[in-house]
Amino acid sequence: MSGRLQGKIAIIAGAGQSAGETIGNGRAMAVLFARHGAQVLCVDRDLASAVETVAMIAEEGGSAAPFQADVSRDAGCAAVIAEAKSRWGRIDILVNNVGIGGGGDGPAHRAAEQAFDRILNVNLKSAWMTIKHVIPIMREQGGGSIINISSLASLSGSNQVAYEVSKAGMNRLTTSVANANASHGVRCNAVLPGLMDTPMAISGIAAGIGSTTSAVREARNARVPLRGKMGTAWDTAHAALFLASDEANFITGVLLPVDGGMAARVG
Ligand code: NAD
């Protein structure tokens, strides 16, 4: 272990993953953070999936604990922060990775009201509420690093208005929190993944449109400028590792695309 997060306490909300062939963003971050010496609270509403992540970490000799919570509810967010604080006495890193889409989302003229409320609640309100509960602890410690997993869809796209708006809100949440807490040494940054080869994206989309995972993969790969290939959850995890570490000590309020050049391409 190279110890880029040695001795740090990290919470990852959404540290389980959807079923599928590859690894999800939250699980990859949990495993990578533990490899670098962090103790990780693996939070998910799906406890079995969080337990699976913890088992992967334990197998490599790392340290982690599972915790079940629904972060779309304030009580769930409060319980997550209280658990980490009582278990380890401090919280150095909070990653808001929980994110959902689909289920009635669509372009603005078609999206369903219930889908809009559900997606905004789960993706955006949850991140704000975990931040609300962790800020007093990080301020008292004199520092901390918060990382919001947004999406390139926060900047472009037009077929899933609720998802896009929720992630755009996450970007502004990031800069707002960065500004309000800079004098206290609390940093807040966002990672904006582009097209990634994760189970939620590949198996989720394939099931949603009635296609095969290989057809979805091929179509997504063709849209990526860099090498014509999607990124993986490890690409998201390495960006988050940097932002979580002291190497990013002078970086706050940044919205970092991890997208193989998609944000740079116009037309
Ligand atoms: P994933 O579905 O594998 O992981 C998300 C986890 O969050 C799941 O384990 C799920 O059980 C958990 N979760 C959902 N609702 C919850 C709730 N209310 N409370 C607690 N846990 C809850 O997804 P992933 O593909 O790894 O994506 C993770 C993040 O990355 C999401 O925020 C997503 O929007 C973002 N992202 C993904 C891609 C991509 O291409 N995969 C691209 C851009 C952004």
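**Ligand shell and salt bridges**

Mentor: Ser18, Asn25, Asp44, Tyr163 and Thr198 come nearest among the 28 residues around the ligand, where near means having a heavy atom within 4 Å of it. This is a predicted model, with local features needing pLDDT of at least 70, side-chain atom pairs pLDDT 80 or more, and totals for chains, interfaces and linings using all residues. Residues are numbered from 1 along each chain, and side-chain values use heavy atoms, leaving out hydrogens and water.

Trainee: Why is the link between arginine 35 and glutamate 60 called a salt bridge?

Mentor: The term needs a side-chain nitrogen of Lys or Arg within 4 Å of a carboxyl oxygen of Asp or Glu. Here the closest N and O atoms are 2.8 Å apart, so the pair qualifies. It links distant parts of the chain, 25 residues apart.

Trainee: Is aspartate 92 buried or exposed, and how do you know?

Mentor: Buried means under 20% relative accessible area, exposed over 50%, and partly exposed in between (1.4 Å probe, protein chains only). Aspartate 92 has 10%, so it's buried.

Trainee: And what about its salt-bridge partner, arginine 90?

Mentor: Arginine 90 has 35% relative accessibility, so that one counts as partly exposed. Their closest N and O atoms are 2.7 Å apart.

Note on methods: Helices (H or I, at least four residues) and strands (E, at least two) are DSSP runs, numbered from the N terminus.
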